[in-house]
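Trainee: Hi! I'm new to this one, could you walk me through it?
Mentor: Happy to, let's bring it up first.

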Amino acid sequence: MAENEKNSKHLVNREISWLRFNDRVLAQARDIRHPLLERARFLSITQKNLDEWFMVRLASIHQMVQLHLITQDPTGLTPSAELDLISAAAGTQLKKQHSLYARSLIPMLAKSGVNVLAVADLQPDQYAWLQNYFKQEILPILTPMADDGTRPFPFLSNDSLNLGIRLAAGSKKKGKIDRYAFIQVPKNLQRVIQLPTGDGQTYVLIEDTIQEFISLLFNHYDIQEVSAFHILRDMELEIAEEDSPNLLKEVQTQLKKRERGQVIRLVAEKQMSRKLEKHLEKALPLNKRRVYRVSGPVDLAFLDTLIKQVQRPELMYTPFKSRLAGDLMGSRIFETIADHDVILQHPYDDYAPVVNFINRAADDTETMAIKMTLYRVSDQSPIIAALARAAANGKQVTALVEVKARFDEENNVHWAGELEKEGVHVIYGLPNLKVHAKMALVVRREFGKTTRYMHIGTGNYNEITARLYTDISLFTANEQLADDVTQIFNYLTGYSMPSELKLAYISPNGIAARLTDLIDQEAAHAAAGQSSGIWMKANSLNDTEIIDHLVSAGQAGVPIHLLIRGIETLKPEIKSVTNKIKVHSIVGRFLEHSRIYRFANGQQPLTYIASADLMPRNLYRRVELMVPILDPACEAEVAEIFETMWADTVNMWKMKADGSYIKHSKRRRSVDSQQLFLDHKFVSDKFAEKFIGDQ
């Protein structure tokens with residue numbers, strides 16, 4: 001208790017910190033710098049982010065409350081107190097989302113000729129068309145499900161949009177009684193319906209359409225009420241790995257069970273009656289605290305569909321052209337990597353060289369083996385195709401496909417099966433650990449000897465998200481690092497524990513131990529009056545051990561710069577506690593995803609890239625990889641990437657001592673790091689010559 005009370009003065013609750021991050025994303029939907037449809041996309045992203053948070057994080061805390069666990073989070077909150085706090089904060093965020101939708105985005109879209117209308121606002125010819133469309137295309141698919149003594153309350157799937165109907169039945173003599181029925185809007189129907197008439201582009205939502213013509217489904221009944229609602233279930237995957245002889249089958253079994261997880265949230269239209277709400281609370285069952293009322297659509301994720309249908313390029317970002325590293329695109333890619341290490345920063349540097357690396361290895365006669373970890377891949381992955389082709393070409397191919405990657409379990413189970421059919425040796429993961437490391441090893445026979453080439457990245461092997469997320473790729477043939485990566489693959493595929501790694505660090509435990517040693521080393525330098533400094537970029541920071549070492553280093557005089565996009569539970573700039581620590585968060589067009597850990601190291605900087613964030617799950621419950629950037633030119637480039645982002649005044653939010661965030665005031669020069677990188681520049685132009693012309 002005393003430790004938590006002490007920590008609470010300089011720590012923020014993890015979930016509140018995450019909600020503040022989602023608020024910063026929501027701010028992008030208000031930001032007039034972004035084109036209108038991109039602002040709508042940001043709003044949709046915040047909806048999907050919040051949904052996932054409910055299904056995983058809030059669901060976990062809710063379980064703790066139900067189990068009556070007596071614990072405290074690092075800020076001293078019990079599960080019950082934390083649940084109350086974050087539930088209220090989430091409700092506030094939902095209201096902000098819907099207010100922005102109704103008061104800002106919808107009117108602005110209308111001014112641009114994109115109209116999302118209520119059925120009541122349609123012209124007579126539009127209404128007639130919609131009525132006919134409903135009868136022909138929607139009505140035959142709908143299934144009204146009664147809820148009475150002989151027909152029990154229907155199963156409503158996770159992330160489903162539903163209509164609750166309250167009907168009156170009976171006679172004047174016996175009196176009217178309420179009856180209930182439900183319709184789950186089929187997910188294979190178009191949520192957004194475009195009308196063929198009217199000025200500009202006019203749309204209505206399917207739930208509004210069904211409500212308008214609902215009487216066609218309930219002849220001879222007096223419909224008292226029709227209300228839309230959206231439900232989410234607890235989607236945590238509980239895998240008893242110690243008791244399961246077959247991890248793949250266990251994952252498949254748990255995926256089926258997860259679909260029937262406890263309902264964790266219901267978002268209902270504001271006008272839903274208390275009668276219908278109480279009926280749902282009892283039938284689902286659901287605690288009243290998990291019900292949220294909103295004005296407008298109960299699920300704003302439909303905006304993604306709307307954006308695709310609208311097709312208005314002038315209302316979206318101008319397409320960008322990534323720099324293509326030509327020396328990594330031809331058949332001489334291995335010669336280039338043998339000559340020198342190469343750093344790429346995606347999406348500003350094209351992802352094609354990563355795909356080419358695996359493609360060339362698959363088709364190259366000198367390649368003997370390919371080993372790779374896969375966490376999230378695209379639906380039509382060219383890398384999966386290359387691995388299958390490599391196996392068909394007689395090469396030894398090993399792929400670790402992490403079948404426990406949250407919400408990608410089904411996709412990964414599918415790809416694991418497809419790769420096995422093609423002769424690839426597939427590993428499904430390790431017991432009790434997710435494998436989150438991003439690495440590929442190509443073994444070739446050159447001039448009578450074995451040579452190894454590696455790609456190590458901070459992001460997934462997914463060419464689609466590589467256009468949306470910022471990540472760093474390292475190509476290298478460093479022999480010591482190759483020895484380490486070989487050991488790590490042997491650990492993943494067999495029973496060989498890595499021992500005495502020369503350059504690489506892996507979690508569980510190894511990355512945390514190395515980082516705390518380096519932090520303490522900087523503290524020692526500062527205490528001795530020597531120059532010192534720590535620069536860290538990650539998606540999240542909430543590991544209390546790392547935080548404690550950072551606080552101590554700051555108190556020793558080490559200047560610490562933290563670029564943390566999302567969860568950040570350490571309050572900076574508290575007098576005499578964290579006054580040497582500064583925290584920035586960059587939220588912009590691209591999702592900041594790269595991880596960089598850099599230390600002054602007595603004026604001989606040490607720079608690492610990693611797959612791991614500074615969170616307990618990454619540092620102690622996953623297999624993650626952190627490697628040094630050894631080539632001086634590459635190290636200087638990564639340092640300049642960090643400095644350019646730190647100088648950002650356009651996308652940057654500054655964390656205050658109370659844990660809240662403020663937007664940069666821009667009183668000085670305007671610096672947009674993401675735009676600079678799109679223009680192939682750094683803030684100091686030190687590396688400008690690298691980007692002269694596209695190769």
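Mentor: Before anything else, a working term: two strands pair if DSSP finds at least two bridges between them. Helices (H or I, at least four residues) and strands (E, at least two) are DSSP runs, numbered from the N terminus.

Trainee: And what should I know about the model itself?
Mentor: It is a predicted model, in which local features need pLDDT of at least 70 and side-chain atom pairs count only at pLDDT 80 or more, while totals for chains, interfaces and linings use all residues. Residues are numbered from 1 along each chain as its sequence is written, and side-chain values use heavy atoms, with hydrogens and water left out.

Trainee: OK, strands then. Which residue is the bridge partner of Ile534 in β20?
Mentor: That is Ile560. Ile534 belongs to β19, and β19 and β20 pair in the parallel sense over five bridges.

Trainee: How many residues of β19 are buried?
Mentor: Five of the five residues in β19 (534–538) are buried, where buried means under 20% relative accessible area, exposed over 50% and partly exposed in between, with a 1.4 Å probe and protein chains only. Both faces are covered: Ile534, Met536 and Ala538 are buried on one side, and Trp535 and Lys537 on the other.

Trainee: What does β20 pair with besides that? Where does β21 come in?
Mentor: β20 (560–564) also pairs with β21, in the parallel sense and over four bridges. His561 has Lys582 of β21 as its bridge partner.

Trainee: Why is β21 called largely enclosed?
Mentor: Five of the six residues of β21 (581–586) are buried, so the rest of the structure largely encloses that strand. β21 is also joined by three bridges to β26 (652–655), and these two run antiparallel. There, His584 has Lys654 of β26 as its bridge partner.

Trainee: What holds paired strands to each other in general?
Mentor: Strands of a sheet pair through backbone hydrogen bonds, either parallel or antiparallel.

Trainee: Where does α4 bend?
Mentor: At Tyr101, by about 40°. The bend at a residue is the angle between axes fitted to the seven residues ending there and the seven starting there. After α4 comes Gly113, whose phi is positive, near 90°.

Trainee: What about the sheet with β1, β6 and β5?
Mentor: It is an open sheet of three strands in the order β1-β6-β5, with mixed pairing. Its edge strands are β1 (114–116) and β5 (192–195), each pairing on one side only. β1 pairs with β6 (201–205) in the parallel sense over three bridges, and Val116 stands opposite Tyr203 in β6.

Trainee: Which pair is stacked?
Mentor: Phe642 and Trp646 make a stacked pair, because their ring centres are 6.2 Å apart and their planes at 10°. Both lie in α18 (632–646), four residues apart, about one turn of the helix.

Trainee: Last topic: where does His455 lie?
Mentor: In strand β16 (449–457). His455 is buried, with a relative accessible area of 2%. Contact means heavy atoms within 4.5 Å, and residues that His455 touches include Val354, Phe357, Tyr461 and Phe475, not counting residues up to four places away in sequence. His455 and Phe357 are 98 residues apart in sequence and 8.2 Å apart in space, C-alpha to C-alpha.

Technical notes: Phe/Tyr/Trp six-rings, centres within 6.5 Å; stacked < 30°, edge-to-face > 60°.
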